[in-house]
Amino acid sequence: MNIISLNQVSHAFGGPKLLDNASLQIESGDRICLLGRNGAGKSTLLHLINADFPPDSGEIIRKQGIKTAYVPQEFPEAWTDRVRNYLHDILATQEIEPHLADISIEQTLSQLDLDPEAELSTLSGGLKRRALLAAALVQDPDLLLLDEPTNHLDINAICWLENFLQRLRKTLIFISHDRTFARNLANRIVELDRGQLQDYRCNYATFLERRQDVLNSEDKAWARFNQKLAEEEIWIRKGIKARRTRNMGRVRELLKLREERRQRRERTGQVRLQLETGQRSGQMVLEAEQLSFNYDNNKIIDSLDLRIMRGDRIGLIGPNGSGKTTLLKVLTEELQPTSGKLRHGTNLQIAYFDQLREQLNEDRSVKQNIADDHDQVLINGQPRHIYGYLQDFLFTPERARTPVRVLSGGEKNRLLLAKLFTQPANLLILDEPTNDLDMETLDLLEELLLDYQGTVLLVSHDRSFLNNVVTSSLIFDSQGMIEEIIGGYDDWLKVQPIPEPTRKKEKAKPAPRKERPRKLSFKEKKELEQLPEKIDALESEQIALHEQMANPDSYKERDGSLITTLKERLQKVESSLEKAYQRWDELEKIPE
């Protein structure tokens with residue numbers, strides 16, 4: 001059942017339209033993951049759905065009585081109240097009777113396991129995220145809008161949030177670049193790309209396959225269009241004799257083709273990452289023996305023995321505040337150990353990605369942060385123009401001249417990577433590089449690190465990133481103990497002890513009667529024989545619909561009726577296809 005409909009909605013903030021005649025139907029029970037490149041307009045879309053401001057054009061139709069609540073990405077700057085008072089203030093603006101407000105607050109705090117008397121300013125990042133969630137849930141919304149809910153949370157907090165939202169009986173739209181979070185939570189993916197909303201009614205894994213099909217179809221359609229335009233341009237430039245017999249209808253068609261090409265919105269370019277590898281380090285990179293570090297009599301690192309060899313890619317996994325960044329600073333001799341020994345290998349060249357981005361000067365421009373006032377930068381010994389290099393990280397020349405303080409979190413992380421990669425290094429230390437990066441950039445960073453010939457120490461709470469990149473992991477607890485394991489996050493989960501279930505005395509149950517194994521009925525055999533042909537037909541129609549939707553002619557009608565019809569049909573076809581595959585799998589398991 002539709003609860004909110006966006007019809008031909010457009011919105012912009014001075015530049016290209018973030019939404020350009022975009023349409024979307026939100027249905028009760030959806031758990032929609034909203035994807036898109038940094039700056040594509042995802043947060044703007046959530047604000048529009050939450051009615052924080054109206055769209056420039058188009059309409060947003062809400063089912064009568066539908067309530068929405070928005071959970072922001074960032075915490076308020078001055079958060080000094082107690083949790084209970086903070087929630088009371090929110091409900092007071094909605095004119096809810098005090099005794100009803102008290103009941104709602106108690107239920108919400110119990111649900112989220114929050115202390116009502118806790119001071120907001122003293123809470124951990126994970127508990128602050130729960131407080132923001134409480135502020136939304138206490139209003140009893142029908143639709144919950146979450147903007148990067150996992151950002152800056154440790155893995156424990158992310159897993160708690162993931163499990164909580166899975167159990168929550170609410171319609172959700174959430175923005176996230178955490179692939180594991182999206183894979184485990186979403187039942188529908190919507191991608192915001194060049195002002196358009198591409199709707200994929202499937203899980204994240206299936207979305208990756210279908211999205212590639214759509215992009216391939218678009219590439220083919222653009223290639224056909226470009227070829228036709230090139231042929232018409234050759235024809236129009238023929239000699240005087242041809243001009244005398246020129247077909248004016250064909251001339252008008254050429255003018256239309258030129259205008260269509262001019263208005264085409266190209267895809268956002270891909271970040272091109274290239275890391276300058278320094279000289280080859282020694283076989284042994286770092287060695288620690290009974291290494292300890294105390295802070296104000298608190299043991300942060302306790303008697304660590306560690307040897308890091310050339311080519312190792314080591315992940316650091318643990319809760320926020322468990323000492324991961326402290327260990328990196330001790331290993332790089334920025335901090336001196338309280339006791340124990342540390343030895344560096346030969347020819348060590350270190351590049352350090354700081355999660356606080358202290359290496360960036362907020363008041364200087366993007367360009368000045370990389371090359372001061374020079375026009376060139378050396379990459380692998382070769383000079384490159386600074387603007388060309390920055391375009392590899394999606395900074396246009398205009399954006400390169402802006403001060404760093406106005407950049408988004410994702411842009412600042414890309415800039416820090418750009419700065420880092422100008423330094424020759426054979427030991428790469430990355431402290432939370434995945435925060436704020438979109439999925440495409442994460443994929444490219446993964447590929448870069450997998451091809452890197454040096455050594456990598458990596459702190460991240462992105463489970464997919466850790467699983468895909470690291471060869472071993474250091475597991476931190478809150479008492480300063482550090483355990484080394486082979487593999488990434490999932491490998492660590494596999495070796496965790498499973499608590500024995502509490503055993504209860506039960507009455508002996510009678511042994512179940514043996515039943516004859518079920519076999520395929522005549523009707524089911526017939527259905528199984530016909531399914532491959534049915535699936536074949538559905539897949540052919542699916543491909544044809546993708547190609548038709550990639551054809552620019554499909555968007556020419558002003559009211560967008562054709563593309564709407566195509567999208568609706570595609571949804572039905574994909575739903576039928578999914579059911580057909582499921583049915584085939586069911587029948588295949590039954591013996592004949």
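Guide: Strand E10 (residues 284-295) pairs with strand E11 (residues 298-309) in the antiparallel sense, over eight bridges. Strands here (E, at least two residues) and helices (H or I, at least four) are DSSP runs, numbered from the N terminus. Two strands count as paired if DSSP finds at least two bridges between them. Strands of a sheet pair through backbone hydrogen bonds, either parallel or antiparallel. This is a predicted model, in which local features need pLDDT of at least 70 and side-chain atom pairs count only at pLDDT 80 or more, while totals for chains, interfaces and linings use all residues. Residues are numbered from 1 along each chain as its sequence is written, and side-chain values use heavy atoms, with hydrogens and water left out.

Leu291 has Leu304 in E11 as its bridge partner. Now follow the turn. The hairpin of E10 and E11 has two residues between the strands. Asp296 in this hairpin takes a positive phi near 50°.

E10 also pairs with strand E13 (residues 339-344). Five bridges join E10 and E13, and they run antiparallel. Here Ser292 has Ser339 in E13 as its bridge partner.

Side chains link E10 and E13 too. Glu287 forms a salt bridge with Arg343, with the closest N and O atoms 2.9 Å apart. A salt bridge means a side-chain nitrogen of Lys or Arg within 4 Å of a carboxyl oxygen of Asp or Glu. Glu287 sits in strand E10 and Arg343 in strand E13, so the pair links distant parts of the chain, 56 residues apart. Arg343 is partly exposed, with a relative accessible area of 46%. The scale is simple: buried is under 20% relative accessible area, exposed is over 50%, and partly exposed lies in between (1.4 Å probe, protein chains only).

Another salt bridge joins Asp302 and Lys299, at 3.8 Å from N to O. Lys299 is partly exposed, at 39% relative accessible area.

By this rule, the count comes to 25 salt bridges. One of them is between the side chains of Asp178 and Arg463, at 4.0 Å from N to O. Asp178 lies in the loop between strand E7 (171-175) and helix H6 (179-185), and Arg463 lies in helix H16 (residues 463-469), so the pair ties together parts that are 285 residues apart in sequence. Asp178 is buried, with a relative accessible area of 6%. Arg463 is buried as well, at 4%. Elsewhere, Glu27, Asp30, Arg188, Asp199 and Arg201 are linked in a network of salt bridges.

Next, another sheet. Six strands form an open sheet in the order E14-E17-E18-E12-E19-E20, with mixed pairing. Strand E14 (350-353) and strand E20 (482-486) stand at the edges with a single partner strand each, so one side of each has no neighbour in the sheet. Neighbouring strands of this sheet are turned by 15° against each other on average, direction ignored. Inside the sheet, strand E17 (residues 427-431) and strand E18 (residues 455-459) run parallel, joined by five bridges. Leu430 stands opposite Leu458 in E18. Helix H14 (residues 409-420) packs on the sheet and touches E14 and E17. The direction of H14 makes about 175° with that of E14. Such angles run from 0 to 180 degrees between N-to-C directions, with axes fitted to C-alpha atoms, for helices over the stretch in contact. Contact means heavy atoms within 4.5 Å.

Now a helix residue. Leu87 is in helix H2 (residues 83-92). Leu87 is buried, with a relative accessible area of 0%. Leaving aside residues up to four places away in sequence, Leu87 touches Ile105, Leu109, Ala134 and Ala135.

Compare Leu100, in helix H3 (residues 98-112). Leu100 is partly exposed, at 43% relative accessible area.

Last, the whole chain. The secondary structure comes to 19 helices and 20 strands. Of the 592 residues, 46% are buried. Among contacts with a separation of 6 or more, 69% are between residues 24 or more positions apart.
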